[in-house]
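Student: Please show me how to read a model of this kind, taking one feature at a time.

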Amino acid sequence: VKQEKAKRRINGLVNKLTFENIQPISNDIRRFYSDPEPEISRRFVTESLSCILLKSCEENGRTHVLNSLVEPQAALIAGLHISGIQGLASHLAETLCVRFNQLLDRKEDAEGHNLITDKSSHNILLFLVCLYTHGVIYAGLMYDIVKLLLNRFENMDIELLLLLLRNCGWKLREDDPAALKQIILLANAKTRSEKGKVPIRTQVLLDFISDLKNNKRRIQGGTSTVGSGTTGTSQLKAWIQKVRVDSRNPGGELQVPLNDFLNTPLNGRWWLTGAAWARTETKRKAVKDTTIHSEGDLMALAADMRMNTVIRKKVFCVVMGAADYLDAFEKLEKLKLSSSQEREILRVISHCCSAEESYNPYYGYLAGKLCSFNRGHKFTMQLLLWDLFKRWEGVSKRKATNLGLLTSHLLINFHISMSIFKVVEFDNLPDIATLYFYTVFRKVMNSKEGVIVSVFERIAGTIELDALRDGIWLFLNRFLVVKDPSKEKELSDEEKMKRKVARAKMRRRIKIATKSMGKAVKKGTQ
């Protein structure tokens with residue numbers, strides 16, 4: 001009942017959406033994500049919103065291409081994506097691509113509507129175009145759709161090509177002119193293969209592609225296109241730009257090609273940040289098989305992983321059975337664990353992370369979400385790492401590397417501070433500890449310079465951390481810019497130059513880190 005009520009509220013908000021009220025509508029929808037009600041998960045909101053928008057494109061646009069309807073809806077999704085609502089834009093883009101592909105191959109739907117004259121596919125394509133112009137999806141997806149339509153090249157495909165190119169052709173030309181050249185060659189080859197006189201529709205398409213090639217813009221009489229400078233479009237652009245400026249962690253452009261959206265049953269959704277499972281075709285092995293869904297299989301796997309208490313088994317089943325880290329976080333909260341029982345969550349996460357064949361970012365995002373939500377999880381993470389620092393015996397290289405990458409993720413995203421290393425003696429590390437800290441610092445030092453400054457500033461100015469700063473400085477200069485003469489002899493001149501440039505870059509970043517944590521930079525540091 002609560003889910004049906006929430007879906008009606010979301011539907012009502014979408015129906016009220018206009019160019020003028022997009023800000024308050026966006027705020028109302030964002031509340032479903034930031035302050036979810038019981039039984040109303042973020043995943044449910046995302047799926048409901050995608051379903052409502054797809055239904056709007058299909059049912060409201062059977063006879064006309066509805067720019068005034070689609071543009072504010074696409075801008076709403078772009079704003080939510082940019083403001084940090086993860087998973088929404090990718091889920092909607094996947095839903096639209098799959099439905100668009102289905103409509104291309106069918107003559108009529110289940111209700112008997114003629115899909116050849118139906119404009120549903122036009123409105124779905126227009127929605128994708130709007131997402132592209134607002135920076136949600138990338139040019140490669142648009143070019144994939146163009147190639148798909150050119151390979152089919154039926155009457156409706158030509159209409160769709162004209163719709164796409166008229167609304168975002170100039171942006172495509174700016175973003176990837178080399179791909180546009182391939183499209184022009186493909187279109188010309190397709191036209192030459194047609195026998196007889198070129199149809200008017202095809203000629204119009206070829207003329208427009210020629211205009212794109214020659215950067216020749218023509219005024220489209222009586223038609224409006226996405227981003228054509230109308231008042232409503234200008235309002236949407238200004239609003240999206242404001243959201244982008246105000247957002248602390250804006251969502252980036254989705255670099256997902258069309259085939260990956262269409263083949264999710266085979267390949268999985270690799271583009272989801274912190275997805276709990278990997279592509280089917282890869283040979284990567286998770287703890288055993290992260291695509292296990294049945295509770296019995298998960299319980300058996302929990303026993304194999306030595307989850308020897310009821311709480312650990314419950315946590316393990318949630319972590320390994322979730323669709324992504326947000327789904328796992330919500331399910332962990334619903335377990336209603338006591339403060340002492342909650343400590344088992346990060347213990348299970350770190351255990352699963354260290355058992356992976358290679359590092360899975362899923363654990364980093366889930367651990368980070370928990371640490372940002374509850375300070376108790378930060379303290380638990382600190383204790384886990386201190387236990388590791390005390391006992392390096394028996395730690396495998398795989399475990400050291402995976403936990404090093406997990407730690408670096410938490411540091412880079414400011415969930416923990418480098419002050420946790422204050423118990424470490426950097427001048428007397430065993431080999432396996434050296435590998436762990438090399439992994440941590442290498443990852444941190446390869447992040448953006450602004451992040452490096454912020455990470456190291458957190459341990460500046462405290463007298464109690466003088467020894468820690470000296471130890472970190474010693475480790476960075478001893479291990480991150482080291483030159484191995486024996487290996488250098490075997491390299492080509494080009495490879496030697498690449499390594500020299502990389503070392504110079506690392507030295508510069510070490511100087512940035514040294515200044516950030518309040519140490520004087522020594523001249524002649526190697």
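Student: Which other residues have a positive phi although they are not glycines?

Tutor: Lys336 is one of them, with a phi of about 55°, and it sits in the loop between helix H16 (325–333) and helix H17 (339–355). Phe414 is another, with a phi of about 60°, and its place is in the loop between helix H20 (397–412) and H21. Lys336 counts as exposed because its relative accessibility is 71%, while Phe414 counts as partly exposed because its value is 35%.

Student: How many helices and strands does the protein have?

Tutor: Helices (H or I, at least four residues) and strands (E, at least two) are DSSP runs, numbered from the N terminus. The protein has 25 helices and zero strands. Of its 526 residues, 47% count as buried.

Student: What span should helix H7 have, and how far apart are its ends?

Tutor: The expected span of a helix is 1.5 Å times one less than its number of residues. Helix H7 (residues 139–152) has 14 residues and should therefore span 20 Å, which agrees with the 20 Å between its end C-alpha atoms. The buried residues of H7 include Ala139, Gly140, Leu141, Met142 and Tyr143. An α-helix has 3.6 residues a turn, so residues three or four places apart point the same way. Leu148, also in helix H7, counts as partly exposed because its relative accessibility is 25%.

Student: Which residues does Leu148 touch?

Tutor: Contact means heavy atoms within 4.5 Å. Not counting residues up to four places away in sequence, Leu148 touches Asn101, Leu104 and Leu258. Leu148 and Leu258 are 110 residues apart in sequence, yet their C-alpha atoms are 9.5 Å apart in space. For the protein, residues 24 or more positions apart account for 75% of the contacts with a separation of 6 or more.

Student: Is Cys168 buried or exposed?

Tutor: Cys168, found in helix H8 (residues 155–175), is buried because its relative accessible area is 1%. With residues up to four places away set aside, Cys168 touches Val129, Tyr132, Thr133 and Met142. Cys168 and Cys130 are 38 residues apart in sequence and 8.3 Å apart from C-alpha to C-alpha.

Student: Which helices do the buried residues of H21 pack against?

Tutor: They pack against H19, H20, helix H22 (449–457), helix H23 (466–479) and helix H25 (493–516). The 15 residues of H21 should span 21 Å, and the end C-alpha atoms are 21 Å apart, which agrees. Among the buried residues of H21 are Ile432, Ala433, Thr434 and Tyr436. Thr434 is buried because its relative accessible area is 15%, and, leaving aside neighbours within four places in sequence, Thr434 is in contact with Leu429, Phe475 and Phe479.

Student: Where is pLDDT under 50?

Tutor: pLDDT is the predictor's confidence in each residue, from 0 to 100. The protein averages a pLDDT of 82, and 84% of the residues score at least 70. Over residues 274–294, however, pLDDT stays under 50, and the model has 53 contacts beyond four places in sequence for them. Where pLDDT is low, the predicted coordinates should not be read in detail.

Notes: Residues numbered from 1 in each chain as written. Predicted model: local features only at pLDDT ≥ 70, side-chain atom pairs only at ≥ 80, totals over all residues. Heavy atoms only, no water. Buried < 20%, exposed > 50% of the residue type's maximum accessible area, 1.4 Å probe, protein only.
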